[in-house]
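Here is a short briefing to read alongside the model. Take a look at the fold before going through the notes.

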Amino acid sequence: MSNILKPLIPPHDPEIAAVLDGYPQQNGYILSLFRTFANSMRFLTKAVPNLLDKDSPLPLREREIVILRTTANLNCEYEWGVHVAIFAKAAGLSDAQVSATRNGSADDAVWNDAESLLIHCVDNLCDRGNIANVQLADFQKRWSLDAQLEIMALCGTYHTVSFVANSARLANEGFGTPFPSR
């Protein structure tokens, strides 16, 4: 048995295949990341909740800003590129905004006030593990308690996703978008 973290190659054990069947797929293709999760049944079933469901208290655009900024902050081109390719257009993010999630600041002109606040908060969570006092009151006014917890959960979940993808040295998916030049 190897202790090298890498995506499992099909065919999978029936128990693993049954769980992977519940993960998002594209024409039967299961992302390398999800197949990497499958190295641990516990991790595959419990460690990374799917927060991209229709019941989220956040609109798609805000969810994607959180995910893109978090993965960019953690230099996870794999996951950033998957989300840009699959969700950025549906989230209404312009090319300039997508680029700004990687190379820009929260105060860039491409963001409205709420999005600027959201990016400041994500940066705070990534850098310090909490939201700075200067943004906290506005954060609490802008988002419901459900939404506040969702933002924190997304940030934490995509830290884990980034740790896995980066440590497994996952190559970008063929359809994934590469980081923009700095």
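A salt bridge here is a side-chain nitrogen of Lys or Arg within 4 Å of a carboxyl oxygen of Asp or Glu. By that rule, aspartate 123 forms a salt bridge with arginine 69, with 2.8 Å between the closest N and O atoms. Aspartate 123 belongs to helix α7 and arginine 69 to helix α4, so this pair ties together parts that are 54 residues apart in sequence.

Please keep in mind that this is a predicted model, in which local features need pLDDT of at least 70, side-chain atom pairs count only at pLDDT 80 or more, and totals for chains, interfaces and linings use all residues. Residues are numbered from 1 along each chain as its sequence is written, and side-chain values use heavy atoms, leaving out hydrogens and water.

**Overall fold**
- The chain has 9 helices and 0 strands, where helices (H or I, at least four residues) and strands (E, at least two) are DSSP runs numbered from the N terminus.
- The C-alpha trace spans about 50 × 35 × 30 Å along its principal axes.
- Among contacts (heavy atoms within 4.5 Å) between residues at least 6 apart in sequence, 70% join residues at least 24 apart.
- Of the 182 residues, 46% count as buried; buried means under 20% relative accessible area, exposed over 50%, and partly exposed in between (1.4 Å probe, protein chains only).

**Salt bridges**
- The whole structure holds 4 salt bridges.
- In the pair described above, aspartate 123 is buried at 15% relative accessibility, and arginine 69 is buried at 6%.
- Arginine 61 and glutamate 115 also meet through their side chains in a salt bridge (2.4 Å, N to O).
- Arginine 61 sits in helix α4 (residues 60-73) and glutamate 115 in helix α7 (residues 113-128), so this pair too ties together parts 54 residues apart in sequence.
- Arginine 61 is partly exposed, at 22% relative accessible area, whereas glutamate 115 is buried at 8%.
- Aspartate 138 pairs with lysine 141 in a salt bridge, the closest N and O atoms being 3.8 Å apart.
- These two residues, aspartate 138 and lysine 141, are 3 residues apart in helix α8 (residues 133-142), which means about one helical turn separates them.
- Lysine 141 is exposed, at 68% relative accessible area, while aspartate 138 is partly exposed, at 39%.

**Around tyrosine 29**
- Tyrosine 29 lies in the loop between α1 (14-20) and α2 (32-37).
- Its relative accessible area is 33%, so tyrosine 29 is partly exposed.
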